[in-house]
Every structure is written in C-alpha cells, then in structure tokens.
Amino acid sequence: MSLNIIPVLCDEKNMKNYAYILHSPITSTTIVIDAAEANPILNKLNELNLKPSHILSTHHHFDHVEGNSVLKEKYNLQIIAPADEFDKVPLADIKAKNNTPITINDIQITPIHSPGHTLGHMIYYIKEENALFTGDVLFNLCVGGLFEGTPSQMYSSLANIKTLPKQTIIYPGHEYTRACLTKDLLNNPNFATYLKKMLSREQGTYIFSTLEEELDYNPYLQSQQ
C-alpha cells in the first residue's frame, strides 16, 4: 500500500496545529487525524476532491478536536477516540483501544496508549507506511507538556516510541521546531539536514523527521530514568 499523507497546518488561532489527511489511492478511502480546525481541513479536502469517512482523535484537547462537529455534519463520518477519553471527545463513535488494530478498508492503524500529556492519549502507528502520528506526546526536538500525566508516564510513552523502527516518520501534532532549537544544535554541523527540513516545513513543503533523527537530536529521547 502506498498511502498519501497530506499535512494540513491549522493556525487560525496561532497554535500551529497539524491535522493529517490520509488517502488510499487504491480504495479512495480518506480519513483525518486530529481535526484541529474545520476551515483549513475543509479547504484541503475540497481542493483534493476527497470525502473522509473517519476522524481519529489523539486526545481530547480542543485544539485537536475543534473541527469534529463541522466535519461530521458535512460528511456524516465516524469519529474514533481514545477509549479512556471517549466521553471527552466531541461526537465520538468508536473507541480506540491500546494495540487493537483499526482497519478502515485497506488502511490498518494501530493505536498505542501513550499517557503523559493527557491520561488517555493515543498515538497512531501505520507500520506499512513507517508512519507515527504522535499528537502532543512527541514533537520535533521536544515533547508535549504534562497536563494530566506524570513524568514517569511520559518517560514510558517515549520509551515505547523508541522501540519502533528508526526509519519511522514522526508526524507531530504541532509545528514547534523553531521554539525548541538550542545553541548546541545550531552549532552542530551534523544538524544541517534536520534544520533544512524545519525550514522547508515553514515554507509549506512538509518534510518531517525520522525517529532516528529524533533519537539523535531530541533531548527527551536521550534522557535516562
């Protein structure tokens, strides 16, 4: 399977959220991960002439679910939400359970329970695409804040991510890379390729980092408990 993954930067409220449109050219299946804001997602769906059947929410925070109601009304889609936050996600229909694969036509997605940012947070892994949608658990060069969970929970969630193949592409919930830069990184000659990816994203060409790059440069993946 060769899945088209289309990032949509949702920044109407200056929060630099990413939503992701996933489209299978084989079955024409389309899903959305984290409907942060309705307008940017609707614009992109209209541009591509796509109709989504599902939304997958990583967690319940408003900046990841605010577009749920508008998209559900327009497309009569189903919303999949973390089992432990099901009642907090607007209009949720289906519970995502830890390590229980979700199959939508030819797209198979594995939810991985990853508490820390919130207690029920899920990240979504598509093995065939080497793709990991990390919501607010893992960003480029940093991690999400501990709104509900503990440092120990976040450490365990990150440790689980570190077991995935190094070529896994990290699709985060926000574009916070520039805010996470440090002088040490900028002075590191090996960091140039990573920096170019950040600059490309800021200019609208979405080239994301791999887990291997995050292991090299993200200090939160280098810490020892």
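Q: In which sense do β7 and strand β8 pair, and over how many bridges?
A: Antiparallel, over three bridges. β8 covers residues 107–113. Two strands pair if DSSP finds at least two bridges between them. Strands are DSSP runs of E with at least two residues, helices are runs of H or I with at least four, and both are numbered from the N terminus.
A: A word on the source. The model is predicted, so local features need pLDDT of at least 70 and side-chain atom pairs count only at pLDDT 80 or more, while totals for chains, interfaces and linings use all residues. Residues are numbered from 1 along each chain as its sequence is written, and side-chain values use heavy atoms, with hydrogens and water left out.

Q: Which residue in β8 is the bridge partner of I102?
A: I109.

Q: What order do the strands take in the open sheet?
A: β7-β8-β9-β10-β11, five strands with mixed pairing. β7 (102–104) and β11 (169–172) stand at the edges. Each has a single partner strand, so one side of each has no neighbour in the sheet.

Q: What does the twist average from one strand to the next?
A: 25°. Axes are lines fitted to C-alpha atoms, for helices over the stretch in contact, and angles run from 0 to 180 degrees between N-to-C directions.

Q: New topic. Which way do the side chains of strand β3 point?
A: T30 and V32 go one way, I31 and I33 the other. All are buried. β3 spans residues 30–33.

Q: How does β3 pair with strand β2?
A: In the antiparallel sense, over four bridges. L22 has I31 in β3 as its bridge partner. Six residues lie between the strands of this hairpin, and S28 takes a positive phi near 65°.

Q: And how does β3 run with strand β4?
A: Parallel, joined by three bridges. β4 holds residues 54–56. There, L56 is the bridge partner of I33.

Q: What do β3, helix α1 and β4 make?
A: A right-handed β-α-β unit, with α1 at residues 38–48. Right-handed means that, with the strands pointing away from the viewer, the path from the first strand over the helix to the second runs clockwise.

Q: Charges now. How many salt bridges does a search of the whole structure find?
A: Seven. The cut-off is a side-chain nitrogen of Lys or Arg within 4 Å of a carboxyl oxygen of Asp or Glu. One of them joins K72 and D93 at 2.7 Å, N to O. K72 is in helix α3 (residues 68–75), and D93 is in the loop between β5 (78–82) and β6 (94–96), 21 residues apart. D93 is partly exposed at 34%.

Q: What separates E202 and R178, N to O?
A: 2.9 Å, in a salt bridge. E202 is in helix α6 (residues 192–202), R178 in the loop between β11 and α5 (183–186). E202 is partly exposed at 40%, and so is R178 at 47%.

Q: Which residue forms a salt bridge with K197?
A: E213, with the closest N and O atoms 2.9 Å apart. K197 lies in α6 and E213 in helix α7 (residues 211–217), so the pair ties together parts 16 residues apart in sequence.

Q: Are K197 and E213 buried or exposed?
A: Both are buried.

Note on methods:
Buried means under 20% relative accessible area, exposed over 50%, partly exposed in between (1.4 Å probe, protein chains only).
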